[in-house]
Structures are given as C-alpha cells and as structure tokens.
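Okay, everyone, thanks for coming. Let me put the structure up, and then I'll talk you through a few spots in it.

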Amino acid sequence: MESANPSDPVPQELDPEQAARWLDLEPTPRLIDVREVEELHSGVVSGAIHIPLREIPSIVSPGTHPHLSAPISSEENILIYCAKGIRSYDAMHWLRQQGYHRCASLRGGIEAWRSAHLPLAAGPGSDHLDADDLQRYARHLTIPEVGEEGQSKLLAGRVLVVGGGGLGSPAALYLAAAGVGHITIADDDVVELSNLQRQVLYRTDEIGHSKAKVAAKTLSALNPSIEISAFPYRVTAANAPELIRDHHVVLDGADNFETRFLINDLCVEQQVPVVHGSVYRFEGQLTVFDPARGGPCLRCLHPEPPAEGSCASCAEAGVLGVMPGIIGTIQAAETIKILLGQGESMSGRLLLIDAMKGSFRQIQIPRRPDCILCGQYQ
Ligand SMILES: [Zn+2]
C-alpha cells in the first residue's frame, strides 16, 4: 500500500477514480458523508462516517461529533462526499477556512462514484428484498447487470415523470413494474377521450379525472410496494426547482417547449439527467441530456425555444398512437440504466425513429462549449 506524502498539497476536488486511489493510501484519509440520514439507503462509500452538512461545524469544536471516536486533526487527509458534490464542496470550503487544508470534496458526489462503477456498501435503511420482491423481480434478479444489488438501486431510485401523456404513460408503467421505488407524476390535465388513442395509463371511465391522480392509483395497483406521488399542477418556474430537487432522473414527456426548456435549465443547474423523448406523426426522437457527465443539454441543440406557433403540437399535427409507446418505453429503459449505473447512456446521441420507413438511426450530438446554458458550468 502506498503512503500519502503529507507535504503534497491536496486538491479541493477529486474525481471518483482519484478519490478511490486516495482512499487506498496509508494512513487512510477520513471519509465523511454529509448527506441527510434518509439519503443513505441508496448506498454509502465503505468506511464513511455520517455527519450531515449542518453538523460539520461540530467536528472542529472540542466536544467532537458523536460519530467520531476522536477529534480530527487539521493535518489529516479528509474526503467529503454528498449526493452530487455540491454540499460536500461547501463543507470542504468551510473546513479549509478553519485550517483543515488537507480536505477534499468528491466531485459529482456519490452519483458520480456510482456511475464510475466504484463499490458501494449498503447504507442504513436499505432493506433487503423480501420474499414478494424476490418473486416480483425474479426476471431482473437473474440478469447479471441487475441482480439483487441492481434491484435495490432501482428500489432506492426516485424518478420525476413530467407529463403523464403519450410518453409518460408507457414510461411510468414500466418504471413502476420495474420497481423504481419512488415515481412522481406531474401533469395538470384531466383525461380526455382523444387521449385514449395513445395514453395507455387511462381508461374510458376515467375521462374528466386528474391524470396525475389516476396515474398514481393505476401505478400503485400495478406495484403496491413502491411510492407514487401525484403532482396535479402545471410545472412552473416557481414550483419546478423544489419538484426536481428530490429526484435522481427526470423523464421528460412534456407536451410544450416552455416546460421542456424550464426542465432542461433547472436540471443542468441541479445536475440531474433528463431522459428526453418527442414524437411527431410516424416519427420519434430520444436522447439523454446529462451535462454533469460531459453530455450536451437541450440548449446545445436549440439555444432558444422555437417561436410560438412555429411547431405543430400533437393536437395539430397528429401522432400515430404507438409512437409515444415506442419512445416512452425506450425512455424508461434509459432511466433504468441510469439508476443502475449500467450500459452506454444515450447522452450525446440522438435516436431518430421513422416508423413509416422502418428506420432506426442515430446521430452524434456534441456538447457545445459555447452553449448559453451548460457552457457556464464547464
Ligand atoms: Zn448545453
């Protein structure tokens, strides 16, 4: 085992791979998880001490934090992590101001750690699969890339489905069936007769009812062991930041550009990947926007929303009912891959499906270094 050289300066942030190598050094750096206790069930880095961000000041006080066996010296190597690397950066910054100059933050947090396929230990509250789960998810458990560990990740996953329409319907059904542990459906519409040609979450006798509420009921009936939240309101600049904050992935099935750009902009800021899908007559498109992991965002493709009235909506242009079924289902697959930390993401690639031609093709969509939005976070 290599030794840490105490005279080497410690960078403020370490990538997951750098952090993993650093944790292998002797003496082992202190590892601090600054998330809230309810976030730990999604897994922890082995050996981490749990001290929520607000309690960080207590580690420099003489009494020390109850989770610490001894006070931390300002000369020790300390690695701090949270979910995405934002809170841990604040903690690192504050500790450095207190003289803890060998303190680093894990860039991208535990989500980046997971994406880099580095090992996670079970956190407190991560329940093992019960007998029903073992049967319900039996066909997942035999897939090497899922297994019990992957299924536990899905059960700890939190997905926001924006729009319970043509795309959101099949996506939410498959996510619920797959055992994604928390699904929020945001839609302020009520079920209409003209929806039923493609929005497979709803039945004729549900016309006139809130889509979000009907969806929650149907999804709960499909899988009673997961939590479904209905958000029967319009997604606006006022409510979206809070709505997104709680989720690991946003599945964009919105029916208007205003919402899509709003979701994109907030997800870039909050480093939440967006699984994007859209349909038009016999055609569909799909990609993943994930600038936090190097991919483009919606504004890399279209810097501004198209002028109002320049693009036909579903209502005006029409759509073959099965198209949102195809695209929404692939959106569910991409979402599951992100939660599992498996496979090759569609980030940076746009899938174009033309059902009339029977063609599936994809084009590369690079990140624009001068993107008016994600450019500033590079
Ligand atoms: Zn961008």
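H117 sits in the loop between α3 (109-115) and α4 (131-136). When I say helix or strand, I mean DSSP runs, H or I of at least four residues for helices and E of at least two for strands, numbered from the N terminus. Before I go on, this is a predicted model, where local features need pLDDT of at least 70 and side-chain atom pairs count only at pLDDT 80 or more, while totals for chains, interfaces and linings use all residues. Residue numbers start from 1 along each chain as its sequence is written.

So, back to H117. Its phi is positive, about 60 degrees, although H117 is not a glycine. Why mention that? Most residues other than glycine have a negative phi, and most peptide bonds are trans. Is H117 buried or exposed? H117 is exposed, with 10 other C-beta atoms within 10 Å. The cut-offs, with C-beta atoms placed from the backbone: 20 or more other C-beta atoms within 10 Å of a residue's own is buried, 12 or fewer is exposed, and in between is partly exposed.

Q271 is another residue other than glycine with a positive phi, near 60 degrees. You'll find Q271 in the loop between α10 (257-270) and β10 (274-280). Q271 has 19 C-beta neighbours inside 10 Å, so it counts as partly exposed.

And the peptide bonds? The one from E26 to P27 is cis, with omega near -10 degrees. P27 is in the loop between α1 (16-23) and β2 (30-33).

Now let's go inside. Helix α7 (residues 168-178) is mostly covered, with 9 of its 11 residues buried. Among the buried ones are L173, L175 and A176. What covers them includes β6 (158-162), β7 (182-186) and α13 (322-340). Just after α7, G179 takes a positive phi of about 90 degrees.

Which residues touch the most other members of the largest nonpolar core? They are V161, A172, I183, I185 and V250, out of 66 residues. A nonpolar core here means buried Ala, Val, Leu, Ile, Met, Phe, Trp, Tyr and Cys residues joined through C-beta atoms within 7 Å. The biggest contribution comes from α13, with 8 residues. Apart from this core lies another, of 28 residues, including I32 and L79.

Last one: I185. Beyond its neighbours within four places in sequence, I185 is in contact with residues including V161, A172 and F231. Contact means that the two C-beta atoms, placed from the backbone, lie within 7 Å.
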